[in-house]
Amino acid sequence: MAKSEEIETQLSNLQSLVDINEIITPDSPEYLTRSRTWAYQKQLSPRLIVRPTSVKSLSKVIAYLYSTKLDFAIYGHGFMSTSAKDVLVNTSAYDEFHFDPHSELVTVGAGQTWAEVYRKLEEEAPGYGIVGARTPCVGVAGTIISGGLSWLSNEYGYISDPTNLLDAKIVKYDGSVVWASSEPDLLWALRGGGGGFGVLVSVVLRAVPYPQDIWAGPILVPREHLEQVVSGLMTFLSEKPDPKVTMFLYVVKKKLLESLGTVKSDMLVIHAFDANGEAHGRDSFRWALEIPGAIDQTSITTLAGVAELQAKIDTVKGTMKQSFSALVLQELPKETIINAIKWFESLADIDETIADCTYLVFELLCSRDPAGSNAGVAFPRPPGSKHVLLLGPGCPSDAGSDMEKLARDLAIEAPSKVLGNDAEIHYLPSGYDDYLDPAKFWGVHLARLRDLRRKYDPQDKFKGAIRLAA
């Protein structure tokens, strides 16, 4: 049988295993939204999307796919740019939510977005918070296998830390279904190990009593006041803010702001978060609010409302060819901030279209050591880590291969450009790509994770970040 005929036969057999409402074909109106990748160049345009609606259905699908030569991948909401040539298994139907007030544990369907989780938590567990992602449109499973940063991480750690992720239901390559706590090595690997150990269906997370009057939102400052912003920020960090205080810092270009009908110059955006309330927040961020020309767009809201402030990120998905480096930093000296912004602004001299498609984000006070030790998590971040720096060169989706390569090369070079040639580089798993050294992500845990990948994905079909080849 010719290869094309074999593929068609296997696709037909797969469709016979599921209900018609679990199949999405390329001519379906749902096809693009159920398969779009964050980075346009990662899109492989699968022949078929299967969206199982029960664990039993998923189990049959995975067991069958693993026995075939079909190229397949597991997809949540596309922010890890997962795709496949033949079959994409979309897990977004797994949207359960149950809060147990006695144990203060939440069972969450791993296929939903964090926006959905926050909304349900607000409805069913008023007065509680959860260590969930900052970006509302990303999926639960993807953030967990890549560690998972939260607005609450400064206080409670990463989403996947043992104090937050208690258990996970997973479908293994042979179709069997287990709770990962019954196989401790499997649960350990899920805590930031880059995926590829099976398909997450649901997770058990700890909820915590949390304020519902959070002061948060952007403070826009003209770019010309960079030195004042950096000076204020250095003082802010040196005073060791309360664990319930955190922030972003990024640059928004004049071109975008003009299109939105707002200001006429590049702006630095200080995205503030203070769960101690408005009075405490305004005192914590007075250094920013009092800078000449500052525009205060903060308000009082809940965790769901804070997440909603970044809802527009979803509109960017799939619009650019994107590469990025996500750096975990123990400290954030003044020189690093200045170097990063100068690097960002220098891209316009290389190519205007790359500059327009590149982002630079400082995520401050968003990382901390796990409770206990690094041995309890698959992702061993550097001791005393506090911040994350995202450097994301990109180019338009219709750019040629040369431009795409230039953006990728810029992402590879950016860490040394910003931190210095002799700096020790530590990456966040969410930024992994095959042109980067996995040892700079998983360090001392790399060999153990590779052994577990061989156990839980012996044919390397799940496309985990850590591949079986050494």
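Reply: In this predicted model, S35 is buried because its relative accessible area is 1%, and buried means under 20%. S35 sits in the loop between β1 (23-24) and β2 (48-50). Leaving aside residues up to four places away in sequence, S35 touches Q43, I49, Y75 and L88. The side chain of S35 also has a polar atom 2.7 Å from the backbone oxygen of Y31. As for V221, 186 residues apart from S35 along the chain, the C-alpha atoms of the two are separated by 37 Å.

Next come the spaces within the protein. The count of cavities of 30 Å³ or more comes to one. The largest cavity holds about 60 Å³ of space. Its lining consists of Y118, L121, E122, Y128, Q212, T302, L303 and A304. Helices α3 (114-124) and α11 (303-308) each supply at least two residues of that lining, and the largest share, three residues, comes from α3. By class, the lining of the largest cavity divides into five nonpolar residues, two polar and one charged.

The second largest pocket, an open space, has a volume of about 310 Å³. This pocket is lined by 18 residues, and L237, K240, L365, K386 and H387 lie nearest its centre. Helix α7 (residues 226-238) gives the most to the lining of this pocket, namely three residues. The lining of the second largest pocket has six nonpolar, six polar and six charged residues.

Notes. Residues numbered from 1 in each chain as written. Predicted model: local features only at pLDDT ≥ 70, side-chain atom pairs only at ≥ 80, totals over all residues. Heavy atoms only, no water. 1 Å grid on protein atoms, 1.4 Å probe; cavity = no way out; pocket = protein on both sides within 12 Å on 5 of 7 lines; lining within 4 Å. Points joined across faces, edges and corners; volume = space filled by probe spheres on them. Helix = DSSP H or I, 4+ residues; strand = E, 2+ residues; numbered from the N terminus. Nonpolar A, V, L, I, M, F, W, Y, C, P; charged D, E, K, R; others polar. Buried < 20%, exposed > 50% of the residue type's maximum accessible area, 1.4 Å probe, protein only. Contact = heavy atoms within 4.5 Å. Polar contact = N/O pair within 3.5 Å; in protein donor to acceptor, adjacent residues only side chain to side chain.
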